[in-house]
Amino acid sequence: MTTRLAAAWSALGLAVTALFAAGPALAAEGHAATTATASATATATGPDVAVSQAGNYPTQPNSYGNFSVQWTSVGTTDVTGITHLTVDLPPGLKTSGALMYSTPYDYTFSEKVSPDGRHLEATFRGTRVPGRGDFMKVQVTSGAERPSGVIRATVANRDDMNPANNVSTYTVNGPQQPAEVPDRPVVTAIDTATGPGAGGTAVTLTGTGLDTGFVLFGSEQAKNVSCTATRCTATSPGGSGSVPVTVVTPGGAAEAPDGFAYTGPPPTPPAAPVVTGLNVRGGPSRGGTSVYVLGRNLAGGTIAFGDAPAAHVSCGDSFCSSTSPAGSGTVHVTVTTAGGTSATVDADRFTYADATPRR
């Protein structure tokens, strides 16, 4: 699986992000950006992620196009953790992959494409406050025949409270389809309940409505996942203790009736996080300051200002965004991951005051 942060595209990404701020539908050059995206009748209470698509779809033989798949936090609470995206193309179209454009890089993103180029899966890990969105640009080419059929994009997050806006479709050279609401998944059995802490155990889950799903062991994504409507196969990631096993689809999340118990020593922990600087060095005692944390080995971390946890934390490999909690005096800003907690240094000091001190 190839990780793409697309740094070279950051300037273009900022421009397109601004364009998307005007609304989820985008008028594309040469083609109407019509989507059949199901939407909620009311804003969901809690986390709610929605997907939409728009772009310059190839409609003629031997042509090239691209379209954007956007996912947006539209609920009342932050969307966090792993968000899984899929794109399925009809016969006659194929993709070589997607590029992420969103900045700053307070997230991790990876994507893979099936050998026939018609199925793309992407994993985005980060925190998004209500109203914030991200998007990837999918590159598409057509073959020798005039393409036709449905392009289907989905989004899934374990904590999503509203599946009604998790599927978007666009029909190439044909009538647009009605909005689609996916079925809720049900897991009835798991065939293997134990495995070594290093991971690598093959597991099969059975049930209904499992297609377009991904699998979590606790909060960690399983490897080598393949799901049909009634069956998911997966390989356990490393871990320790007993954890729930969950299949997450655009229709919701379903836990297996039995969890998974890790045996033996846990996997070797990753390198410890290191903080090298903050974009601001102080803020008011009431909290609420937007603070960027720079460093390395930060992915998936949590942030504390002294002993107080920060809010709205989202961490990529070398960059985190956060909001300061209330506090007083001068404190160290630390990042904690599975590799440990960053050592305190002068560069991570943050000073609370009634007014933000000068840098």
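Let me start with salt bridges, which here means a side-chain nitrogen of Lys or Arg within 4 Å of a carboxyl oxygen of Asp or Glu, and by this rule the count comes to 7. Please keep in mind that this is a predicted model, in which local features need pLDDT of at least 70 and side-chain atom pairs count only at pLDDT 80 or more, while totals for chains, interfaces and linings use all residues. Residues are numbered from 1 along each chain as its sequence is written, and side-chain values use heavy atoms, with hydrogens and water left out.

One of these bridges joins Arg132 to Asp106, with the closest N and O atoms 3.3 Å apart. This pair links distant parts of the chain, since Arg132 sits in the loop between E7 and E8 and Asp106 in the loop between E5 and strand E6 (108–113), 26 residues apart; helices (H or I, at least four residues) and strands (E, at least two) are DSSP runs, numbered from the N terminus. How exposed or buried are the two partners? Arg132 is partly exposed, with a relative accessible area of 25%, whereas Asp106 is buried, at 0%, where buried means under 20% relative accessible area, exposed over 50%, and partly exposed in between, using a 1.4 Å probe and protein chains only. Both residues also belong to a network of salt bridges that links Asp106, Arg128, Arg132 and Asp134.

A second example is Glu220 with Arg125, where the closest N and O atoms are 3.7 Å apart. Glu220 lies in strand E15 (residues 220–221) and Arg125 in strand E7, so the pair ties together parts that are 95 residues apart in sequence. Glu220 is partly exposed, at 36%, and Arg125 also counts as partly exposed, at 25%.

Let me turn now to the nonpolar cores, each a set of buried Ala, Val, Leu, Ile, Met, Phe, Trp, Tyr and Cys residues joined through side-chain atoms within 4.5 Å. The largest has 26 residues, and those with the most contacts inside it are Phe67, Val69, Trp71, Val87 and Met136. Among the strands that each supply at least two residues of this core are E3 (64–73), E4 (82–88) and E8 (133–142). If we leave out residues up to four places away in sequence, Val87 touches several residues, including Phe67, Val69, Met136, Val138 and Ile151, where contact means heavy atoms within 4.5 Å.
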